[in-house]
Amino acid sequence: MTGAPTPSEAGLARLAADARAHVAALLTEGDEADEQRRRGHRGLMAMVKAAVVSGVHAVAPTSSEVAGAAGWLSELEELQTATGLFSSGDNLASPPDSAFTISDAALVLRVLRTAGPGAWPDDLGERLERMLRRAMPALIVGGVHTPNHRWELSGALARAGELLEARFKDPALERAREWLAEGVDIDHDGLYSERSANYAAHVSNPSLLSLADVLDRIDLLELVHRNLHSQLDLTSPGGEVETVHSRRQDQKYGVFPLGSFAAQFARFAVSCARCRAATAWAITLPGVDPVDVLAQAMLDDEVGAGLLAGAAEKGDAGRAAEVARAVDESTGTVRWFGGVRLLRRTRGRDWATVYGGSDVPVARRIASGLACNPTFLRLALGGVEVSSVRLSRDFFGLGPFRASSVAYDPVDPGRLVMREELAAGYYQPLPEQLRQSNGAYPLEFEGRFAAAMAFGERSVDLLPLRTSVTVELTDEGAELTVTTHGPVAAHALEIGLRDEPDVAGAAPLGNGRFHLGDDEATVTVAGTTLRVDLDGSTGAAPAPHYHPGEAYTFLDGTDAMGGTRLYATWSSPGSVTVRLRRA
């Protein structure tokens, strides 16, 4: 008599079922297939990967899976140019973008070889080998343009190289070692230079794990392990990883699921209790790619054992989450990420992020690849989540407050003091010897405005605005004090809320906006009430609004938040204190 399946068996069976359901949806050539094709060569290779992994795991692929994989591979082969690189997407003739596809092609070839002869009834493996050979020369000499591309390209070279003959393998591994010799861009807190949960989960971590395996680099395993613990410390009880500090696209999207790290946690689950609990937790969360997790389990005994260990010890899901995040239910945890100037506190189901690590004060511009988000406080108290607190002001179009320096004292770990000094100038006439009768002067950008004015040759009268923001995390929530020195200027503190709460005690402005006055306001969500009050405002209160700065508005753009927003307004100089407290 056969007993009921164990938790570990049930977990793996669910992964296999999810993978097969995904393939079935692709085979209908409906919306899922269309979505993958919009990703170009990477999407097509993902379709091939799904069919092969699902089919091989099931011991015998269906005829539909075999035909689907063959047809999708034919479409992909059409996109491989004479250079060996693939032609689709906005990064044209891109070695690193092609490396993503080659990494998946190498994984599929490894699955087929591991399964042995007869695992797949047609010549798919031979076609994938030809694809790898065509791509290798370009990947070996190709360049990159983002930090994580180095590791994706190197990982693809390592995995493809180990599957091919020496004439490809030797130069491929040599090139991977050359990239690695630059040093991996990870700080002492375990965060990569791009600060991105997305790229850690999908690029840097899996690539470094591949390089560790192929090149026998145990030190790379420890880097990934360190990053995983950092991601856990940045994860909310709901399984969402903090992204406010990111230098990549996830700073815009805001929510990144911990489930994307599931297979990586499993890799360390046997030897690490936190990663074992994280495996049990992550595999239940959004973001899990069942095809990739299943493939990693098939190819890597440590991942397979880790998935089983995590599932077997799962027990209560909430307890697994607490162990994974190393949170003491009674006292909570506080961690200071000094490299990115971010303070994270978790207490039971409550959490807070205080952040002062924007790149804008140093770079003096908004740009792709910079940490630009002006949010300096996020927190959740019970059912109420404050998704963003920002300080806007009308000061020469220089945008909202972004700290240029941060003071953190570990003796008082719940307090952060952030400071910024801005200045705008009025320029004096050019010295006589530099004047041009035709008025033709060099075009220069002076920090907020560009003109053919030779700004660098003129003396300037500066008008400064000095701002400090002190955030104190309290037992009830958070208290923040804004102090400004400088000219009279309109200020607005914007408090953005994730949900659509019931708001009382604030004047409605329409479009989800409310103006805070002298009386206390309350925000209620799912039975939890947040009290908001302020004091110390100076001058006449200006009209509530958020000003993103001229860097956005000159092209009619914005980085403004949507949803429900509360505004406290005042005119500088002076000091204002705002308290956010659970009722």
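The dialogue below takes these topics in turn.

Mentor: Please keep in mind throughout that this is a predicted model.

Trainee: Which residues have the most contacts inside the largest nonpolar core?

Mentor: The largest nonpolar core has 106 residues, and those with the most contacts inside it are Val52, Ile102, Leu124, Val184, Leu208, Phe261 and Phe265. If we set aside the neighbours within four places in sequence, Val184 is in contact with Trp151, Tyr192, Leu208, Leu220 and Leu223. There is also a second, separate core of 39 residues, which includes Leu379, Leu497, Ala521 and Val523.

Trainee: In what order do the strands of the eight-stranded open sheet lie?

Mentor: The order is S8-S9-S12-S13-S21-S19-S18-S15, with antiparallel pairing. Strand S8 (405-408) and strand S15 (502-504) are the edge strands, each of which pairs on one side only. On average, and with direction ignored, neighbouring strands of this sheet are turned by 15° against each other. Within the sheet, strand S9 (residues 415-427) runs antiparallel to strand S12 (residues 460-473), and 13 bridges join the two; Ala424, for instance, stands opposite Leu463 in S12.

Trainee: How many disulfides does a search of the whole structure find?

Mentor: It finds zero. A disulfide requires two cysteine sulfur atoms within 2.5 Å, whereas for Cys272 the nearest cysteine sulfur, that of Cys275, is 3.7 Å away.

Trainee: Is Cys272 buried or exposed, and is Cys275 buried or exposed?

Mentor: Cys272 is buried, with a relative accessible area of 9%, and Cys275 counts as buried at 0% relative accessibility.

Methods: Residues are numbered from 1 along each chain as its sequence is written. This is a predicted model: local features need pLDDT of at least 70, side-chain atom pairs count only at pLDDT 80 or more; totals for chains, interfaces and linings use all residues. Side-chain values use heavy atoms; hydrogens and water are left out. A nonpolar core is a set of buried Ala, Val, Leu, Ile, Met, Phe, Trp, Tyr and Cys residues joined through side-chain atoms within 4.5 Å. Buried means under 20% relative accessible area, exposed over 50%, partly exposed in between (1.4 Å probe, protein chains only). Contact means heavy atoms within 4.5 Å. Two strands pair if DSSP finds at least two bridges between them. Helices (H or I, at least four residues) and strands (E, at least two) are DSSP runs, numbered from the N terminus. Axes are lines fitted to C-alpha atoms, for helices over the stretch in contact, and angles run from 0 to 180 degrees between N-to-C directions.
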